[in-house]
Amino acid sequence: MGAYMKTGIIMLGLVILSYISLYFFGSDTIFVALKDSFKTLKELSFVFAVVFVMMFIIDMFIDDKKIAKYFDTKSGVKAYFIALIGGILSHGSSYAWYPLLQSLREKGIKDSLLVTFLYARSIKLPWLPMMIVYFGTGFTIILMFYIMVGSLLQGFIVKKLYEE
Amino acid sequence: MKDRIKKSLKKAFISLAKITPMILAVIGLVGLFEAYVTPKMLQSLFNGSLIHDELIGIVAGAVSIGQPFLSYIIGGELLKDGVSYYAVTAFILSFVTLGVIQLPLQIEIFGKRFTTIVNVLSLIFSVIVSVATVWTLKVWGLI
């Protein structure tokens, strides 16, 4: 069992305990809370199905190791776009990525490219359906666009300030 | 190919199964939050001023931990309760890009200089990106 799952189980246990405690303290509002929770769960169940499919597709067709290797091979503006796309397509925990990125730095990859890559990782493709459900398609597209612009700008800022 | 499909299906299933307890916990918390925290209470924390709301959103996101989708659920519920788009967008961005909890690990792996650059830029861009997003939404009449 992973650490994240353990934390989740402890968290869930604490939440269930809170519900039980509030029930025994005689709070009727607890039924409103329970109803709200089931409503949210019902609303999100379809999203989880879509997330599952997206996780499957991404794992099936995208190889993280190849991404890291690929943005090593390009230079100039092209390299920043590769780092950007790599960041968007990369998946898995940041903790898993850090040692790999550090080893790329040691091999000579520019910090500016890693900055672009790391900020682009804030776009989580499998979870976009959930963002659309909560915030709408317009919000999601605009936010993703600005994150991409922000990723590139950060890379250029680091390049100008530290690498030229 | 069959094996690859099987492997990817299994991996997707395990990934989702691993986060299910946390998802259920957050949904349970959201229920409690909606029932016990009134919009009036939230408005006292987020007062509608751009700078104030941005700041609260960023700090809340930076000290929070968990998978990014949690910020979507929490942010979405905050929005339903009348919290401004500025605060919610800043919260989502800083939740995903800043991590106070991760700082020691980042420093250990990347060193102080690189970690500082990454986090300072992420902080600045949480403000820029959230303001730009909300302004664009307003200009286009989407909110």
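How much area do chain A and chain B bury between them, and what share of it is on carbon and sulfur atoms? The views below start with that interface. The model is predicted.

**View 1. The interface of chain A and chain B.** The two chains bury about 5800 Å² between them. Carbon and sulfur atoms carry 78% of that area. On chain A, 60 residues take part in the contact. They meet 66 residues of chain B.

View 2. Three salt bridges are found between chain A and chain B. D111(A) forms a salt bridge with R113(B). The closest N and O atoms of this pair are 3.9 Å apart. Eleven residue pairs are in polar contact across the interface of the two chains.

**View 3. The side of chain A that touches chain B.** Helices α1 (3-24), α2 (29-61), α5 (94-106), α6 (111-120), α7 and α8 of chain A each supply at least two residues to this side. α2(A) gives the most, with 17 residues. By class, this side of chain A has 41 nonpolar, 13 polar and six charged residues.

**View 4. Helices α7 and α8 of chain A.** α7(A) spans residues 128-135, and α8(A) spans residues 137-163. They pack at an angle of about 125°, with axes 7 Å apart. The two helices are therefore oblique to each other. From α7(A), the contact uses L128(A), M131(A), I132(A) and F135(A). From α8(A), it uses T137(A), F139(A), T140(A), L143(A) and M144(A). Seven residues of this contact are nonpolar, two are polar and none is charged.

Methods
Residues are numbered from 1 along each chain as its sequence is written. Chains are lettered from A and ligands numbered from 1 in the order in which they are written. This is a predicted model: local features need pLDDT of at least 70, side-chain atom pairs count only at pLDDT 80 or more; totals for chains, interfaces and linings use all residues. Side-chain values use heavy atoms; hydrogens and water are left out. Axes are lines fitted to C-alpha atoms, for helices over the stretch in contact, and angles run from 0 to 180 degrees between N-to-C directions. Helices (H or I, at least four residues) and strands (E, at least two) are DSSP runs, numbered from the N terminus. Angles under 35 degrees count as roughly parallel, over 145 as roughly antiparallel, 65 to 115 as roughly perpendicular and the rest as oblique. Contact means heavy atoms within 4.5 Å. Ala, Val, Leu, Ile, Met, Phe, Trp, Tyr, Cys and Pro count as nonpolar, Asp, Glu, Lys and Arg as charged, and the others, Gly among them, as polar. Buried area is the accessible area (1.4 Å probe) that two parts lose on being put together, summed over both. A salt bridge is a side-chain nitrogen of Lys or Arg within 4 Å of a carboxyl oxygen of Asp or Glu. A polar contact is a pair of N or O atoms within 3.5 Å; within protein, one must be able to donate a hydrogen and the other to accept it, and residues adjacent in sequence count only if both atoms are side-chain atoms.
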